[in-house]
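Trainee: I would like to go through the terms used for this model one by one, and to hear what each of them rests on. Could we begin with the helices?

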Amino acid sequence: METKEMKLFEQGYDVGERVVFSLYRSQEGEQVTVSLRYCFPEQGSREVTCKRLFFPACAEGYDSPYLSWYNLICCSNNYGPIPVVSYMNYAVQNGKKIAATIYPESASDYMTILAETGEEYYCYPYHPREYRYMLYISRKGKLSDYFDLERLLGVYEASGVTLDSETIRFYFDQELSWFGNEELCSIELHDCLGQEALATVGLLFGYPVESTIALIRKTIDMCES
């Protein structure tokens, strides 16, 4: 039986005119569909679906205060439709995720963030070839301090994705500063490949586990309907 579609949240942006993105969830049997839609309310336009993610309901079995659809859809690094830079720049400090690459708008903003970031965080330049003022920021500790690996592996397994336990345990044992060191880290944070790397970056940047499962299973549709 199909469950009634539920709006999870909406986010508006000013792009010269107002555009509103909304995220919806529906379920049919054990299959969940999450749909991202947008509209231009001042034009009286209808909502247009631009992305759908499909995953089994059991993929929703892992939650955390550091993971959210908001991080993925509206404010993530190059994944959202229109990234909210001000949110990204302070999401780690505000307890919304455990790590981020952030984008100060100026040299002054760059220096302010560096100066204001407390000792409980790592914060230093990251990949200046991609963006002049980019910083990597994370909480201190390891992934294992913030996420239950055994429960996570169970959710992936139940969802039809088997992660290599040796590889994922290696990532879980690294200090979070390691992921921001391009000379040491084997994962390209903005262009990662492989199930274990995708699962790890998803946790670092605060994306829902079920969205990463959909990405790994290639059950994401980009559409205009």
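Mentor: In this predicted model, Thr167, Ile168, Tyr171 and Phe172 of helix α5 meet Glu196, Ala197, Ala199, Thr200 and Leu203 of helix α6, where contact means heavy atoms within 4.5 Å. Helices (H or I, at least four residues) and strands (E, at least two) are DSSP runs numbered from the N terminus. Residue numbers start from 1 along each chain as its sequence is written. Local features need pLDDT of at least 70 and side-chain atom pairs 80 or more, whereas totals for chains, interfaces and linings use all residues, and side-chain values use heavy atoms, without hydrogens and water.

Trainee: Why are α5 and α6 called roughly parallel to each other?

Mentor: The axes of α5 (residues 165-172) and α6 (residues 195-204) cross at roughly 30 degrees and come within 10 Å, the axes being lines fitted to C-alpha atoms over the stretch in contact, with angles from 0 to 180 degrees between N-to-C directions. Angles under 35 degrees count as roughly parallel (over 145 roughly antiparallel, 65 to 115 roughly perpendicular, the rest oblique), and α5 and α6 are therefore roughly parallel. The crossing of α5 and α6 is also right-handed, the near helix being turned clockwise from the far one by less than a right angle.

Trainee: Is Lys218 buried or exposed, and how do you know?

Mentor: Lys218 has a relative accessible area of 75%, and because that value lies above the cut-off for exposure, the residue is called exposed. Lys218 sits in the loop between α7 (209-217) and β8 (220-222), and although it is not a glycine, its phi is positive, at about 60 degrees.

Trainee: What makes β1 and β8 stand at the edges?

Mentor: Five strands form an open sheet with antiparallel pairing, in the order β1-β2-β3-β4-β8; strands pair if DSSP finds at least two bridges between them. β1 and β8 each have a single partner strand, so one side of each is left without a neighbour in the sheet. Neighbouring strands of this sheet are turned by 15 degrees against each other on average, with direction ignored. Helix α7 packs on the sheet by touching β4 (48-56) and β8, and its direction makes about 90 degrees with that of β4.

Trainee: Which are the edge strands of the open sheet of three strands?

Mentor: That sheet has the order β5-β7-β6 with antiparallel pairing, and β5 (99-102) and β6 (121-125) are the edge strands, each pairing on one side only. β5 and β7 (residues 135-139) pair over four bridges in the antiparallel sense, with Ile102 opposite Leu135 in β7.

Trainee: Why is Thr117 called buried?

Mentor: Its relative accessible area is 16%, and because this falls below the limit for burial, Thr117 counts as buried. Thr117 is found in the loop between α3 (107-116) and β6, and it touches Gln93, Cys123 and Ile137, leaving aside residues up to four places away in sequence. The side chain of Thr117 also reaches the backbone oxygen of Ile113 at 2.5 Å.

Definitions and conventions
Buried < 20%, exposed > 50% of the residue type's maximum accessible area, 1.4 Å probe, protein only. Polar contact = N/O pair within 3.5 Å; in protein donor to acceptor, adjacent residues only side chain to side chain.
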